[in-house]
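Open the structure in your viewer and keep the selection tool at hand. The stops below say what to select and what is there.

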Amino acid sequence: MITEIDIVLSPKEASDEIFYKPLLANKLKVKDERIKAIKILRKSIDARRRNIKINLRFKIAVDEAMPASKEEDFVYQNIKNKKKIIVVGAGPAGLFAALRLIELGFCPIVLERGKSVEDRKKDLGQLHRTRKVDPESNYSFGEGGAGTFSDGKLYTRSKKRGNLKKVLNVLHYHGAQDEILFDAHPHIGTDVLPKVIVNMRKSILKAGGEVHFSSKVVDYILENEKIIGVRLQSGKIITGESVILATGHSARDVYRKLNDIGVDIEAKSFAMGVRIEHSQELIDQIQYHNPNGRGKYLPAASYSFVQQIEGRGVYSFCMCPGGVIVPAATGDHQQVVNGMSSSNRNTAFANSGMAVEIHTEDLNEYSKFGPLAGMKFQEDLEKQAFIEGGSSLKAPAQRMKDFVEGKKSESLPKTSYHPGVVSSELHKWLPSHICFRLQEGFKAFGRKSKGFLTNEAIILGVESRTSSPVRIPRDRFSFLHTKISGLFPCGEGAGYAGGIVSAAIDGEQCAEAVNRFLNPEQDN
C-alpha cells in the first residue's frame with residue numbers, strides 16, 4: 001500500500017525518522033516493520049505560538065517498496081547545429097532560459113560579462129583582502145548572478161505565474177539538496193548554490209550550447225528595428241536569430257546604452273533602504289516565543305515584516321538567518337551591502353534588508369534624467385554612503401534605536417560585515433522620504449515583535465539593489481520588446497522578476513516566447 005498522511009509533530013518528533021516512524025505506524029494502525037519507506041512531501045513550521053509545531057505530509061510505503069520517483073530526469077538534446085539564440089547574462093534568468101532553449105531545440109550562446117564561479121570565488125577573496133572592487137567580477141557580476149553568493153533563497157513575494165515545481169526540480173537535478181523539494185521556504189545556501197550553477201553550465205555545454213565569460217556586451221546590432229546581434233567589448237560581433245536580454249538589475253551600463261541608441265526603456269517603482277543585523281539568538285527568542293531560543297531541533301529563525309507608512313510599503317527583504325553581510329558594490333565610489341547565508345545557517349547573526357518603496361513621483365528632482373531617474377538616485381545615495389563610510393568599503397552604521405530616535409551612536413555592536421563599520425548619523429543623510437518611513441516601520445515592527453527594536457541591533461547603509469529602477473518594456477503576450485523585433489527583455493534587470501525563482505520562471509517563459517516567435521506554427 002502506498003499512502004499519504006498529513007500529521008502535526010513536535011520539533012523533536014519531526015527531526016528524525018527514528019521518532020516519527022512509530023507515530024506514522026500508529027496513525028496507520030500497522031506495525032513499524034511493515035513500513036518499508038517514508039518520503040517527506042511537504043514540511044513547514046508553525047511558530048505562531050510558543051508551542052511550536054511542524055506540519056508534515058509524508059508518502060509511506062506499507063508492505064511494498066516505494067515506487068521510483070517520477071521527478072523529471074532532464075534530457076538535454078544535442079543542439080550544436082541548431083538555430084543560435086543569444087542570451088545576455090548568466091544569472092538565473094539567463095541560465096534557465098538557456099536550458100529551456102535547449103529543450104526546445106535551439107542553441108543558446110550565453111554571454112556573461114563576469115567570470116566563472118571558480119574564478120569569481122578568487123576575486124571575492126581578493127575583494128576582502130584588498131578592499132578593491134573588480135567592476136566585472138564581484139558579488140553582483142559573474143556566473144550565476146547576484147544570487148550565487150547571496151544566500152540562494154527559493155521563495156519570493158513575486159506573484160509571477162509559472163512552473164515553480166520545474167524550477168525546483170531543475171535545481172535539484174543539478175545538485176541542490178532534497179529539502180528544496182518539500183520545505184515551505186526552500187533555501188540552497190551560498191555554499192551549495194555555486195556547485196549547482198556550475199552543473200547547469202556543464203549541461204548547456206554538453207548539449208552543444210556555448211557559455212562565454214568576460215564577454216561584456218557593449219552594443220546592439222539593429223537593422224530596420226530588428227536585433228540581429230550584439231557587439232562585445234573586445235570588438236567581436238555575435239549574431240543570432242533572437243536575443244534574450246537577462247543582464248540583472250546592477251548592469252547600469254546596459255540601461256544607458258539602450259537609452260543612448262533610442263531603444264525604449266522606462267522608469268518604474270523600486271525600493272531602497274538599509275541592511276539590519278541582530279543576534280540570531282535574539283531573533284530565535286522572539287520568533288519562537290522562548291527565552292531559551294530555538295533549542296536543539298529547530299532551525300535558525302527568520303522573520304518577514306511589511307508595513308504601510310504614508311502610502312509606501314516598508315518591508316524586510318532577503319532575510320538571512322545565521323548569515324553575514326557582504327559588500328555588494330560593482331564599482332568605485334559605491335557603498336552597497338547585501339546579505340547571505342550558508343546552507344546550515346550557523347553564524348551568530350541574523351540580517352535582513354529593510355526597504356522602502358520608491359515611486360517615480362518621489363523623485364521629481366531627478367526628472368531631468370528621464371527613464372534613468374531612479375538609477376541616478378541610486379548612484380547618488382551609494383556615493384553618499386561611500387563618503388559617509390570614510391571613502392572605503394567600510395559601511396556607515398548606526399544602532400537601530402539611535403536611528404529611530406535621531407541620535408548619534410557613540411559605539412557600535414559587533415557585526416558580521418568583514419570590511420568594518422563607521423559610526424554615522426544615517427538619520428541625517430538618508431533622504432527624508434526613506435528615513436522617516438524606515439523609522440516608523442521599525443517602530444511598527446517593534447510593536448509586532450517585542451524586543452526587535454533594540455540598540456543591540458545595527459543598521460548598515462545602503463541596501464540599494466533590491467530591485468530595478470528601470471523597466472525594458474515588452475509585450476505582455478509575446479514577451480517581445482515593444483519596438484525592437486527579436487529582442488526579449490528578461491528577468492530582474494528588465495523589471496519582470498524579483499529573486500532567483502521568479503527570474504528563473506521568467507527565463508523559461510522568454511525561451512518559450514522565442515520559440516513562438518521563430519516557430520509560430522508550433523504550440524509550445
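Begin with a sheet of three strands: it is open, its order is S1-S3-S2, and the pairing is antiparallel. Strands (E, at least two residues) and helices (H or I, at least four residues) are DSSP runs, numbered from the N terminus. Two strands pair if DSSP finds at least two bridges between them. Strand S1 (2–9) and strand S2 (35–46) stand at the edges with a single partner strand each, so one side of each has no neighbour in the sheet. Neighbouring strands here are turned by 20° against each other on average, direction ignored.

The model is predicted: local features need pLDDT of at least 70 and side-chain atom pairs count only at pLDDT 80 or more, while totals for chains, interfaces and linings use all residues. Residues are numbered from 1 along each chain as its sequence is written, and side-chain values use heavy atoms, with hydrogens and water left out.

Now select S1 together with strand S3 (residues 53–62). These two pair in the antiparallel sense over eight bridges. Ile-7 stands opposite Leu-56 in S3.

H2 lies across S1, S2 and S3 and runs at about 115° to S1. Such angles run from 0 to 180 degrees between N-to-C directions, with axes as lines fitted to C-alpha atoms, for helices over the stretch in contact; contact means heavy atoms within 4.5 Å.

Is Ile-18 buried or exposed? Ile-18 counts as exposed, because its relative accessibility is 64%. The classes are buried (under 20% relative accessible area), exposed (over 50%) and partly exposed (in between), with a 1.4 Å probe and protein chains only.

Move on to the salt bridges. Side chains of opposite charge can pair when their charged atoms come close. The whole structure has 31 salt bridges, each a side-chain nitrogen of Lys or Arg within 4 Å of a carboxyl oxygen of Asp or Glu.

- Select Glu-103 and Arg-100, whose side chains meet in a salt bridge (3.1 Å, N to O). Both lie in helix H3 (residues 92–103), three residues apart, about one turn of the helix. Glu-103 is partly exposed at 22% relative accessibility, whereas Arg-100 is buried at 13%.
- Select Arg-252 and Glu-382, a salt bridge with its closest N and O atoms 2.8 Å apart. Arg-252 lies in helix H7 (residues 252–260) and Glu-382 in helix H9 (residues 373–388), so the pair ties together parts that are 130 residues apart in sequence. Arg-252 and Glu-382 are both buried.
- Select Glu-405 and Lys-407, joined by a salt bridge (3.1 Å, N to O). Glu-405 is partly exposed at 42%, and Lys-407 is partly exposed at 45%.

Then select Arg-100, Glu-103, Lys-166, Glu-508 and Glu-512, which salt bridges with shared partners join into one network.

The last stop is another open sheet, of five strands in the order S6-S5-S4-S10-S22, with parallel pairing. Strand S6 (210–212) and strand S22 (487–489) are at the edges, each with a single partner strand, so one side of each is left without a neighbour in the sheet. The twist averages 15° from one strand to the next. Select strand S10 (residues 242–245) and S22: they pair in the parallel sense over three bridges. Val-243 stands opposite Leu-487 in S22.
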